[in-house]
Amino acid sequence: MSKVLAFLLASLIVIASLATTLPSTARAQQASWSRSTWILLPAVEGTSGVVTNTTITLSYPGSGQVTVSDNTGPSQPSTLYSMETAFMVAMTYAGLNWRYYNLNVHINVSGQISGPSGSFGVMLAVYTLATGLNDTYLHRFAITGAVSPSGLSGPIGGLPYKCGAASSDGLGIVYPVGNLETGITSCNDTDQVPVAGIVDALVKVLHSYRFNVTLSVEPLPMFNEVMENVATGFINESTSLLRGVNLFDEPQPLQGEVGSYINASEQDIGLAEKLLKALPYAAASYAFTAYINALAANYTVWAYRAYRSGEGLSQFFSSQSSAITSEAESLIAQAVAYTNSSNGLAYDELAATAFARLADSIYYAGYASSISQEVNVSSAYLPAYYLGVARARIQSAIGWLIAANATRGTGPLISPQFVASTAGSVGAFTDTAIKYANSLINYYVQEFESVGDIADAQVLQSMENDLNFLVSEGDRMLSQGYYLAAIGVYEDALTNALNVIFIETQSFSNPAVISAYARELEMEYSLLGSALSMRGLSSSLDASYMSYATTLMPSDPQDAIYIMESAVVDELVWYIGAVGYSGGPQAVSISQSGSISQSGPSLGVTLALVLAAMAVGAMAVAAISLRSYKNYIRSVSRP
């Protein structure tokens, strides 16, 4: 069903590496073990920087427990949850099930530690312990960066102080490439290594072997056909809606915002028509955003007319929200009965995406109703937009269900047990990522409230409500045995969590920064996709995401990055499931020389990912994250 380019070359290199890197013995199940390393993490104390020695201990067997402490006791939530995420990301990229290992992180300082900026260094340390890479390379640097659920290194605060501390201790510094945006003049005398994420760091910091893993998967013909039909449907619906709006009949206060919605819709219709045959999924995405804006224009006008007739704005939006929510919930119930069995990876991915869209619909319908309580008629366009998102999500979910049905029975086939295991594993991963994101949001909210910035605090709080709704919805579906539905909602929650944890490029203008993150995401996608292909699982959906991102990159690199993140998260979700379903723990035996051997039924496949990988100030980020969320209109460009 798919064509994977350059896969044979990568496989041959992996096999050659296996022959030279791994011992031929010790393949049996290993007894319990524990191994430690240390890293140097820069931090800020008051108005100066310090470098702290941190001990990382990975042990087997375990239960997935992570403990983080300093010399005064347990760490703050943002530190703990970021370290838990670092642990899960590192073990997943190493091809191991984190649930069978434990991690202890001890930060050798007397004061209490808070914030996520040590998590990227911890991720690299865990990865070296899990794979047997040479950890002495880590000791040459002070390492800072906030790890994301996909392995990106997000911008951090206080870098000038951290650079100064590293330089004073004779160390180089590893920091997020996103921090290049604001300049780092204080690092001039220090060996600087800006990194975009785990793959970039494997090459630049751990000096792993470099080769390119390029994954190219042909979309399924039936998927392209459905997306072409979906795009045509959105184009026709949008065109019809736009005909119903005559700005000259509406009052002056509405004309500006409604006019903007109309112009945006017409522009996206043109792009969709241009790509309809060449890139059907990209066409469907442009047509989807055209439909949102056409709906937003109409909802704004309808709200004003209701207001003029004596109906309250909040009453109008609440009634519309209730209708959309009821429709979405009804469709979820029907889809659960229709899709609660496994029919192959393509079917499962597409059906799970439909559930993600329906969960989004319910959330944004409620959000539109909520914010309508505090708007006047001149700002009715705001809840009108979110009603448009909610309504459009239902229609897009129907498109995804049609696409899933078109691929029913198409390989690669996967068992219902695999789907159930994936839902459970991804649920645990998502729960940690959401706690991590929420801990950061809570910190930012407190900071905004302390200076009287209530409006921005409320916007941030809405981000937390979004994440909590999605994860609770996923948990509910998981508890009821609706595994595909749970996977879809968890995936949506993970993408939103990444949007909070990793500061997206809406705030970046430096082409070098954007290019570095784009390249990192391409490599993460290729590595995870290659690992799935080695297990017989290839994703046409994610190939379509990446193709769409390519069309966006020249004109809108910010949105392109967001789409690429979505592809990586989807690959990550299914690879987490594959690792978790491998049949039990895969113990690692690490010799004194640092080489590794591994037991378990999927030895070759698991180590293939390892070797492929070998080839290749909080307030500052709060402000950027807030701008990212306020520009959410830019981030719903997938149908």
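Colleague: Why is R476 called partly exposed?

Modeller: In this predicted model, R476 has a relative accessibility of 37%.

Colleague: What makes the contact between E473 and R476 a salt bridge?

Modeller: The N to O distance between the two side chains is 2.9 Å. The cut-off is 4 Å between a side-chain nitrogen of Lys or Arg and a carboxyl oxygen of Asp or Glu, so the pair E473 and R476 qualifies.

Colleague: Is E473 buried or exposed, and how do you know?

Modeller: The relative accessible area of E473 is 9%. Buried means under 20%, so E473 is buried.

Colleague: Why are E473 and R476 said to be about one helical turn apart?

Modeller: Both belong to helix α13, residues 454-479, and they are three residues apart there. An α-helix has 3.6 residues a turn, so residues three or four places apart point the same way.

Colleague: How do you know that K204 and D200 form a salt bridge?

Modeller: Their side chains meet at 3.3 Å, N to O. With a cut-off of 4 Å, the contact therefore counts as a salt bridge. Both residues lie in helix α5, residues 198-204, four residues apart, about one turn.

Colleague: Which class does each of K204 and D200 fall into, and why?

Modeller: D200 has a relative accessible area of 18%, under the 20% limit, so D200 is buried. K204 stands at 37%, between 20% and 50%, and is therefore partly exposed.

Colleague: What makes E522 and R519 a salt bridge?

Modeller: The closest N and O atoms of E522 and R519 are 3.6 Å apart, and the limit is 4 Å, so the pair counts. The two are three residues apart in helix α15, residues 511-534, about one helical turn. E522 has 33% relative accessibility and R519 has 40%; both values lie between 20% and 50%, so each residue is partly exposed.

Colleague: How many salt bridges does the structure hold?

Modeller: The structure holds seven.

Colleague: Why are the buried residues of α4 placed on the same side of that helix?

Modeller: In α4, residues 159-168, the buried residues are L159, K162, C163, A165 and A166. They cover an arc of only 165 degrees around the axis, which puts them on the same side of α4.

Colleague: What covers them?

Modeller: The cover of the buried α4 residues includes β1 (33-45), β2 (48-60), β6 (141-143) and β9 (172-176).

Notes
Residues are numbered from 1 along each chain as its sequence is written. This is a predicted model: local features need pLDDT of at least 70, side-chain atom pairs count only at pLDDT 80 or more; totals for chains, interfaces and linings use all residues. Side-chain values use heavy atoms; hydrogens and water are left out. Buried means under 20% relative accessible area, exposed over 50%, partly exposed in between (1.4 Å probe, protein chains only). The arc is that of the directions from the helix axis to the C-beta atoms. Contact means heavy atoms within 4.5 Å.
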